[in-house]
Amino acid sequence: MKLFYSKTSPYARKVRMVILNNRLEENIEAVEVNPFGDVSELTKYNPLGKIPTLVLDDGEALCDSPLICHYLNNLNDQRMLSDNSEQYWDILRWQALADGLMDAAYNLVMERRREQEEQSSSCKAQWTLEITRVLEQIDVEFNVDDKVIKLSQISVASALGYLELRLPELLHETQYAKIIKWYNAFKTQDIMLATQPQE
């Protein structure tokens with residue numbers, strides 16, 4: 001298999017952490033690409049030119065990080081999705097919320113990179129509000145006591161890692177004390193250290 005990724009994409013980081021946690025790295029060739037550069041090799045498999053994209057051994061490609069993570073979860077016994085129905089849907093719920101957080105953060109970062117006079121104040125305010133609301137919910141509701149690494153933890157950690165990289169001013173330690181304390185401990189995990197974003 002082949003994984004197209006970039007070192008700063010939080011979506012790709014989530015997939016890479018699942019690969020490491022599930023001990024699948026020897027079975028997957030990692031191909032770094034710049035999604036804003038030449039993506040001709042990538043678009044042969046994914047016409048959207050987006051990362052991450054996982055190319056299977058038969059040449060079929062999976063795009064979108066939740067789909068890829070779900071596929072990888074079924075390749076061995078490292079079950080990151082609980083067989084318990086209630087926990088299963090809870091894990092997927094947190095993954096979806098964390099992905100939404102990444103979406104809002106990415107949109108805000110991209111908007112800020114436009115020329116000042118072209119930026120939309122209303123869009124920036126909306127994305128900042130979305131980020132704040134999600135962080136508040138994570139801080140109140142997310143189970144930080146689960147010692148077994150699940151997809152929910154990896155998803156939340158990937159989102160927080162992207163904020164730490166691109167929008168650190170939004171991670172108020174006093175406002176989100178519980179989740180930031182958990183994140184600071186979780187980011188010492190080998191899978192986090194091995195996938196740290198690099199410019």
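This is a predicted model: local features need pLDDT of at least 70, side-chain atom pairs count only at pLDDT 80 or more; totals for chains, interfaces and linings use all residues.
**Stop 1: Ser65**

Select Ser65, which belongs to helix H3, residues 65–73. Is Ser65 buried or exposed? Its relative accessibility is 3%, so Ser65 counts as buried, the cut-off for buried being under 20%.

Now show the side chain of Lys14 as well. The side chains of Ser65 and Lys14 are joined by a polar contact of 3.0 Å.

**Stop 2: Asp90 and Arg93**

Next come the salt bridges; the structure holds 8 of them. Select Asp90 and Arg93, a pair whose closest N and O atoms are 3.0 Å apart. Both residues sit in helix H4, residues 85–112, and because they are 3 residues apart, about one helical turn separates them.

Colour the pair by accessibility. Asp90 has a relative accessibility of 31% and therefore counts as partly exposed. Arg93 is partly exposed too, at 37%.

Asp90, Arg93 and Glu141 are linked in a network of salt bridges.

**Stop 3: Glu111 and Arg114**

Move on to Glu111 and Arg114, whose side chains form a salt bridge with an N to O distance of 3.0 Å. Arg114, with a relative accessible area of 38%, is partly exposed.

**Stop 4: Glu164 and Lys187**

Finish by selecting Glu164 and Lys187. A salt bridge of 2.7 Å, N to O, brings their side chains together. Which parts of the chain does the pair link? Glu164 is in helix H6, residues 151–166, whereas Lys187 is in the loop between helix H7 (177–186) and helix H8 (190–193). The two residues are 23 residues apart, and the pair links distant parts of the chain.

Glu164 is partly exposed, with a relative accessible area of 33%. Lys187 is partly exposed as well, its value being 26%.

Note on methods:
Residues are numbered from 1 along each chain as its sequence is written. Side-chain values use heavy atoms; hydrogens and water are left out. Helices (H or I, at least four residues) and strands (E, at least two) are DSSP runs, numbered from the N terminus. Buried means under 20% relative accessible area, exposed over 50%, partly exposed in between (1.4 Å probe, protein chains only). A polar contact is a pair of N or O atoms within 3.5 Å; within protein, one must be able to donate a hydrogen and the other to accept it, and residues adjacent in sequence count only if both atoms are side-chain atoms. A salt bridge is a side-chain nitrogen of Lys or Arg within 4 Å of a carboxyl oxygen of Asp or Glu.
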